[in-house]
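The structure is shown first.

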Amino acid sequence: MRHLLVCATVLVAIWSCRPEPDDYDLLDQMVVSTNYDTTVYIGGNRVNTYKTYALPTDTIGYVSNTDRNDTIRTSPQYDLPRKVLQAVETNMSSLGYTRVGFDATPDIGVNVYAVKDLNLFQQVVYPNYYYSGYYGYGGYYYYPYVQTYAYNTGSLVVEFVDLKNAAANKKYVVIWNAYMGDLFNAVNQLDQSIEAVNQAFDQSPYLKVQ
Amino acid sequence: MRYLIFTIALLGAQVLYAQNNYFYIALDVNTPLGNKDFVDGTSARGGRIGYRAFVTEDSRVSIGVDASWTTFDTYKPTETFEAPGGAITTDYFNYVYQYGLAVSGLYHFKLGENERVFPYAGVGLGANHNEYAQYYNIYSNAEKKWGFLVRPEAGILFKFTRNRGLGAMAAVHYDYSTNKSENFNIDKFSSVGFQIGLIVMNRY
């Protein structure tokens, strides 16, 4: 009888002790976090006067502090960069922006990149706006150090860099960004990435051209 | 304080030397009564084990120890949270992992002459440990809190045969604990539960 009781105890304990949500249910949708420069948008004292933007055609940046292999471009879903960039372009167009070349003095430089194994902030916070480089110019990549919260994560990042006022500011200022994650554990990386990009713009109506 | 320790020691000694006692293991089904914004719905993911010893000659009053565990969970569909400077959109799961330890005092009523059915009622006092957790994608937030637990309970024990100790039990209970969570804005936690299980009774 005691054995029966012990077995029943173990069964009940295994059944109920500390369940967590199923991975599939957790990972079938990305978390989309957007952050804006409060001095530019929604009552900021620097008016939103941006009208043109530049965007890479078919590649997105890739940053990793452990894995140097670009799994975005080498994976079977290697459509991802182009489709994501198309989604960004569609949303920018809907907001009233005009796409121009990098050499046509765009108001905004749109950075799109994936990060892997970098410690990335995934809460609603003021981002670390200031850094001294810009992806797309001069053939070098320089990304901002991002304040961390989560760990061992991978995110898709879209950010607006203020090129219009770069000379006056004497630095490149990120005026809007979107972190979408987790990119690398997504059930359907391509579809979820595009949905996440669309959601990032949907929840940022203040980006609309004035 | 010395008087309290002496009393507890005396009660403990009575329990240890008690002739009649029983162990039980039960499945515990619970429904939260408050904080329904955080977790809602009935959870069958729970259990209880315990030991109770009769401390009176007529085997009417028992003192025992109960350990319980329950997980409450709720899925929250996709929502956008606005904050100064930005917004975040996600679906998420709220969980409460509850672990309780209580000392119970119960009165067992006499029912019939065959000594196979024992209705009982009483109360348990102890501590609850609640872990409030939120899962979204690969991320999670959690806060762990202790609280004081009060658990009124009524149930029935049923021996399968008169001479053997194996039997079944069923009970209803109300749990009230003082666990707070500042992060998730939860003040106190209460639930009502139904349990059904097996007992091994030693009666000489």
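A:K116 is buried, because 23 other C-beta atoms lie within 10 Å and the cut-off for a buried residue is 20 or more. This lysine belongs to strand 5 of chain A, which covers residues 108-118. A:Y62 is 54 residues away from A:K116 along the chain, yet the two C-alpha atoms are separated by 7.9 Å. The model discussed here is a predicted one.

**Helix packing in chain A**

Helix 4 of chain A (residues 80-94) packs with helix 6 of chain A (residues 189-202) at an angle of about 20°, and the axes of the two are 9 Å apart. Angles under 35 degrees count as roughly parallel, and helix 4 and helix 6 of chain A are therefore roughly parallel to each other. The crossing in which helix 4 of chain A passes helix 6 of chain A is right-handed. On the side of helix 4 of chain A, the contact is made by A:L80, A:K83, A:V84, A:A87, A:V88 and A:N91. Helix 6 of chain A contributes A:Q189, A:L190, A:S193, A:I194, A:V197, A:N198 and A:F201. By residue class, this contact between helix 4 and helix 6 of chain A comprises 8 nonpolar, 4 polar and 1 charged.

Helix 6 of chain A has 14 residues, which should span 20 Å at 1.5 Å a residue; its end C-alpha atoms are 20 Å apart, in agreement with that expectation. The buried residues of helix 6 of chain A are A:Q189, A:S193, A:A196, A:V197, A:Q199, A:A200 and A:F201.

**Backbone geometry**

Most residues other than glycine have a negative phi, and most peptide bonds are trans. Against this background, the peptide bond from A:G181 to A:D182 is cis, with omega near -5°. A:D182 is located in the loop that joins strand 8 (172-181) to helix 6 of chain A.

Two non-glycine residues with positive phi are also noted. A:T105 has a phi of about 45° and sits in the loop between strand 4 (98-99) and strand 5 of chain A. B:N35 has a phi near 55° and is placed in the loop between strand 1 (21-32) and strand 2 (46-54) of chain B. As the table shows, A:T105 is exposed, whereas B:N35 is buried.

**Chain B**

Chain B contains 1 helix and 8 strands. Read from the N terminus, its elements follow the order α-β-β-β-β-β-β-β-β. Chain B has 204 residues, of which 39% count as buried. Among contacts in chain B with a separation of 6 or more, 60% are between residues 24 or more positions apart.

B:E182 occupies the loop between strand 7 (166-181) and strand 8 (186-202) of chain B. Is B:E182 buried or exposed? B:E182 is exposed, because 9 other C-beta atoms lie within 10 Å and 12 or fewer is the limit for that class. B:E182 and B:K145 are 37 residues apart in sequence, with a C-alpha to C-alpha distance of 9.8 Å.

**Burial of the individual residues**

| Residue | Other C-beta atoms within 10 Å | Class |
|---|---|---|
| A:K116 | 23 atoms | buried |
| B:N35 | 22 atoms | buried |
| A:T105 | 11 atoms | exposed |
| B:E182 | 9 atoms | exposed |

Note on methods:
Residues numbered from 1 in each chain as written. Chains lettered and ligands numbered in written order. Predicted model: local features only at pLDDT ≥ 70, side-chain atom pairs only at ≥ 80, totals over all residues. Axes fitted to C-alpha atoms, helices over the stretch in contact; angles between N-to-C directions. Helix = DSSP H or I, 4+ residues; strand = E, 2+ residues; numbered from the N terminus. Parallel < 35°, antiparallel > 145°, perpendicular 65-115°, else oblique. Left-handed = near helix turned anticlockwise from the far one by under 90°. Contact = placed C-beta atoms within 7 Å. Nonpolar A, V, L, I, M, F, W, Y, C, P; charged D, E, K, R; others polar. Expected span 1.5 Å × (residues − 1).
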